[in-house]
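Here is a chain to explore by question and answer. Take a look at it first.

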Amino acid sequence: MMSTGSATSFDHATFSFDPLSAAVRANPYPYYQYLREHSPVHFVPTLNAYAISRYEDVRNVLSNHAQFSSDPLIRIAFGEFNPAGDARYVLASDPPHHTRLRALVNKALSNRYLTEIRSEIEHTVRGLLQDLPHQREFDFIEQFSSPLPVKIVGEFLGIESARTADFRRWSNSITAGGNAELLTEDQRQQIRSDAREFREYFLARIADARNHPRPNLIGALVAAEEQGQKLSADEVLAMCVLLLIAGNETTTTMLANALICMRDFPAVAAEVRSDRSLIPNFIEESLRYSSPIQLLFRRATSDTVIAGIPIAKDQIVMPIYGSANRDGTMFENPDVMNLHRPDVRKHVAFGWGIHMCVGRALASLEGDIALNALFDRFSKIEITSPTIEWVDAFYLRGPKNLRVICS
Ligand code: HEM
């Protein structure tokens with residue numbers, strides 16, 4: 001198989017698609033295009049799953065939660081490193097458990113909360129910007145796009161600021177655990193130890209919140225009684241783990257990918273700078289064009305058919321969000337950014353159906369505040385990394401680091 005930038009250069013006889021391979025991780029888009037055109041339901045032996053690549057099929061899988069269960073997600077995402085034992089995660093639950101857990105987290109991330117957290121985000125962004133050097137190279141991820149969501153999610157969970165660095169390490173480590181196939185034994189040891197520390201820290205916080213009610217998410221979860229049933233300590237822990245994993249690296253990646261999009265589409269960058277009211281569209285369009293979550297998994301609950309291909313009960317399917325978002329039957333001229341698409345919000349970068357991202361509004365708010373403040377402070381943001389090295393993850397796609405000079 002050739003690994004060039006064009007789907008037309010693949011050889012039909014030998015084409016193979018493995019999201020764990022270095023070639024796909026470097027640039028998955030030609031592979032996705034090939035899949036959409038020639039093999040929309042494609043078996044991936046290394047993951048024992050069927051890759052679903054067309055927009056319509058991805059949306060159908062995500063919309064049909066009775067036919068496609070989310071139950072394999074946590075096992076696949078955390079493997080042996082799950083810090084919350086056997087507790088149910090909202091992400092990996094089906095109704096009725098999903099409905100109960102989702103109601104709790106929805107309440108916690110309500111519009112009222114977003115209004116309250118706005119000034120905290122502005123304050124955090126101002127603080128981070130103050131420390132960024134002028135006309136001297138720095139790592140945008142290290143100094144801006146990673147600490148921002150870590151602080152905001154940490155605030156939300158009520159983490160003491162002295163533990164922010166630990167919190168960031170735990171978050172990065174547990175996310176890395178989702179790519180067990182790519183890890184060395186030393187890395188596994190480190191993740192086991194981080195997951196253990198994380199668990200101990202949060203169990204102590206949960207016990208503390210039971211004795212001393214606190215105005216943060218842990219306090220709210222501990223106090224919550226939904227349908228007369230209190231959450232167990234492990235269920236509260238599972239929610240904390242999920243918010244941490246779901247809220248940190250995704251938002252970091254969204255901001256970093258947005259900068260790369262501006263580099264690659266300078267006319268779009270100039271347009272959004274000159275008309276700030278386009279920032280929300282720019283964020284949506286860069287999420288479509290360069291989706292942080294590339295793919296996830298579902299399990300078929302009975303025999304079914306997708307695009308004419310039979311899928312047996314219990315077979316794992318892998319909707320590729322990053323491919324659906326580049327499907328030309330849905331998005332005109334999909335490989336080009338366009339802030340004026342009529343369907344700019346129809347991408348599936350936040351998922352679709354009952355599991356659609358509960359933090360969508362928070363992520364968009366963080367993006368909006370961050371980009372406005374970056375544009376205020378710097379008239380030029382130049383990426384100096386000669387090549388982009390992508391994170392060692394097959395379901396998350398963003399740069400490992402991003403050297404920039406701002407002026
Ligand atoms: C740009 C940033 C983000 C992206 C790209 C993103 C992406 C996603 C996606 C694709 C899903 C659906 C998963 C599925 O289909 O199984 C999801 C669900 C979820 N996200 Fe986000 N997310 C982001 C930010 C956040 C933030 C900031 C939070 C909270 C602090 C959050 C919390 C969650 C939770 C709890 C779920 C599970 C919802 C459920 O299962 O009902 N996410 N996210």
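This is a predicted model: local features need pLDDT of at least 70, side-chain atom pairs count only at pLDDT 80 or more; totals for chains, interfaces and linings use all residues.

The questions below go from the whole chain to its ligand shell and then to some helices.

Q: Why does the radius of gyration of the chain agree with a compact globule?
A: The chain has 407 residues. A compact globule with 407 residues would have a radius of gyration near 22 Å. The value for the chain agrees with that, because it is 21 Å.

Q: What box do the C-alpha atoms of the chain fill?
A: The box is taken along the principal axes. Its sides are roughly 65 × 55 × 45 Å.

Q: What percentage of contacts in the chain join residues at least 24 apart?
A: Take the contacts between residues at least 6 apart in sequence. Among these, the share joining residues at least 24 apart is 70%.

Q: Which helix gives the most to the shell around the ligand?
A: The ligand is surrounded by 27 residues, and the closest are Gly-247, Thr-250, Gly-351, Cys-357 and Gly-359. Helix H5 (97-108), helix H12 (233-264) and helix H16 (360-377) each supply at least two residues of this shell. With seven residues, the top contributor is H12.

Q: How many charged residues does the shell around the ligand have?
A: Sort the shell by class. There are 19 nonpolar residues and seven polar ones. The charged count is one.

Q: At what angle do H6 and H16 pack?
A: Helix H6 covers residues 111-130. The contact brings Leu-114, Ile-121 and Leu-129, among others in H6, to residues of H16 including Leu-365, Ile-369 and Ala-373. The axes lie 10 Å apart, and the angle is about 35°.

Q: Is the crossing of H6 and H16 left-handed or right-handed?
A: Arg-118 and Glu-122 are among the H6 residues that meet H16. On the H16 side, Glu-366 and Arg-377 are included. The crossing of the two helices is right-handed.

Q: How many of the 11 residues of H14 are buried?
A: Across the chain, buried residues make up 43% of the 407. Helix H14 (residues 279-289) is mostly covered. Its buried residues include Phe-282, Leu-287 and Tyr-289, and what covers them includes H12, helix H13 (266-274) and H16. The number buried in H14 is nine.

Methods
Residues are numbered from 1 along each chain as its sequence is written. A residue is near a molecule or strand if its C-beta atom, placed from the backbone, lies within 6 Å of it. Helices (H or I, at least four residues) and strands (E, at least two) are DSSP runs, numbered from the N terminus. Ala, Val, Leu, Ile, Met, Phe, Trp, Tyr, Cys and Pro count as nonpolar, Asp, Glu, Lys and Arg as charged, and the others, Gly among them, as polar. Axes are lines fitted to C-alpha atoms, for helices over the stretch in contact, and angles run from 0 to 180 degrees between N-to-C directions. A crossing is left-handed if the near helix is turned anticlockwise from the far one by less than a right angle, and right-handed if clockwise. Two residues are in contact if their C-beta atoms, placed from the backbone, lie within 7 Å. The radius of gyration is taken over C-alpha atoms; the globule rule is 2.2 Å times the number of residues to the power 0.38. A residue is buried if 20 or more other C-beta atoms lie within 10 Å of its own, exposed if 12 or fewer, and partly exposed in between; C-beta atoms are placed from the backbone.
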